[in-house]
Amino acid sequence: MIDFPPVPSGDRLVVSASAFVAFEQCPESANARFRGEYGPPSRPSFIGGLAHRVFARHLSQGPIESDEFEQVCKEEIGGAPSLNLRMGELGLKPSQIPALVEETRGLYDRFVKFPSDGFEGAEVSLEAEPQPDVILRGRVDAVFNDAGETRLVDWKTGRIGEVDDQLGFYSLLWALDRNALPSAVEAVSVKTGERRRAVPTVEAISSLAARVAAMVTTLRTGWADGSELERVGGPWCTYCPLLDDCVEGRAATAVMAQG
Ligand code: SF4
């Protein structure tokens, strides 16, 4: 259904939606992620991660009673290595958990107001290998079936912002994994109520596949000849692991600091 263009052979490469989005913002920053260098964790991303676990639990197992909510949060933190790790990196202490729980409860209280009709699955894992050793991998927050039409949903716990590439990546991944296009893919902010909806077409998703292939080509070419990739400054520099030694990044963050 979707032709993924050929790419140079090279090391096995696992591409996620966030890696693709990072590459489209600043190629060298994405390159750092592939080297295993990550930016500093943030409290909002920890809360967002916990809220996503709670939302998935609600959709899969039913509503969470108010008096059970704190215990559920503790179970989710304890059962998710990534949350546990981030808690340590943020230096969060057990005594700070009640405040985290209350913030997450606020998001959950908003989340339950969204209709769940047609819910089919939460945290649905997708994977495809459209070219040898090129793995596209991701997890869709929720899948709904609206009278036979598949709708993918990505929950946001803050403003929606620029999500077209992320939604396009999920559509591509679904098309490669399931051999069918979803009818719609949405980003929904449980914080603000914003909703961004895209209706994927074969043409648009083929075009996005070509951009993912171009990313793979650029990365593998850079790895082969040892060259650094392009650096592009922007708001994303704040959480870049290369910020301290990056001229472009420091200029961008200085401009942002001036408001
Ligand atoms: S600090 Fe900014 S410009 Fe520099 S590598 Fe990171 S994201 Fe790119």
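Where is D133 found? I looked it up and found D133 in the loop between β2 and β3. I took helices (H or I, at least four residues) and strands (E, at least two) as DSSP runs, numbered from the N terminus.

**Ground rules**

I am working on a predicted model, where local features need pLDDT of at least 70, side-chain atom pairs count only at pLDDT 80 or more, and totals for chains, interfaces and linings use all residues. Residues are numbered from 1 along each chain as its sequence is written.

**Entry: D133**

I checked the surroundings of D133 next. D133 is partly exposed, because 14 other C-beta atoms lie within 10 Å. My cut-offs: a residue is buried with 20 or more other C-beta atoms within 10 Å of its own, exposed with 12 or fewer, and partly exposed in between, with C-beta atoms placed from the backbone. D133 touches R12 and L13, leaving aside residues up to four places away in sequence. A contact here means that the C-beta atoms of two residues, placed from the backbone, lie within 7 Å. I also computed a distance to G10: D133 and G10 are 123 residues apart in sequence, and their C-alpha atoms are 7.6 Å apart in space. The phi of D133 is near 65°, a positive value in a residue other than glycine. Most residues other than glycine have a negative phi.

**Entry: A147**

I found A147 in the loop between β3 and β4 (149–156). Is A147 buried or exposed? A147 is exposed, because 7 other C-beta atoms lie within 10 Å.

I placed P94 in the loop between α5 (81–89) and α6 (97–111). P94 is exposed, with 9 other C-beta atoms within 10 Å. From P94 to T104 I count 10 residues in sequence and 15 Å in space, C-alpha to C-alpha.

S18 sits in helix α1 (residues 17–25). S18 is partly exposed, with 13 other C-beta atoms within 10 Å. Which separation do the C-alpha atoms of S18 and Q166 have? They are separated by 7.2 Å, and the two residues are 148 residues apart along the chain.

**Entry: whole chain**

I counted 9 helices and 6 strands in the protein chain. The radius of gyration is 19 Å, close to the 18 Å that the globule rule gives for 259 residues, so the chain is as compact as a globular protein of that length. The radius is taken over C-alpha atoms, and the rule is 2.2 Å times the number of residues to the power 0.38. Along its principal axes the C-alpha trace spans about 60 × 45 × 35 Å. Buried residues make up 30% of the 259 residues. I also looked at contacts between residues at least 6 apart in sequence: 68% of them join residues at least 24 apart.

**Entry: domains**

The bounds come from an automatic or database domain assignment. The contact takes 11 residues from domain 1 and 12 residues from domain 2. On the side of domain 1 that touches domain 2, the elements giving two or more residues are β2 (119–131) and β3 (134–146). The largest share of that side, 3 residues, comes from β2. By class, that side of domain 1 has 5 nonpolar, 3 polar and 3 charged residues. Ala, Val, Leu, Ile, Met, Phe, Trp, Tyr, Cys and Pro count as nonpolar, Asp, Glu, Lys and Arg as charged, and the others, Gly among them, as polar.

**Entry: core**

Which residues touch the most other members of the largest nonpolar core? I found F20 and Y170, in a core of 53 residues. This core draws at least three residues from each of domain 1 and domain 2. A nonpolar core is a set of buried Ala, Val, Leu, Ile, Met, Phe, Trp, Tyr and Cys residues joined through C-beta atoms within 7 Å. Y170 touches A17, G138, V140, L152, D154 and V185, not counting residues up to four places away in sequence.

**Entry: ligand**

How many residues surround the ligand? I found 15, and the closest are C26, C237, C240, C246 and G249. A residue counts as near if its C-beta atom, placed from the backbone, lies within 6 Å. The elements that give two or more residues to this shell are α2 (27–34) and α9 (247–257). α9 gives the most, with 3 residues. The shell divides into 9 nonpolar, 3 polar and 3 charged residues.
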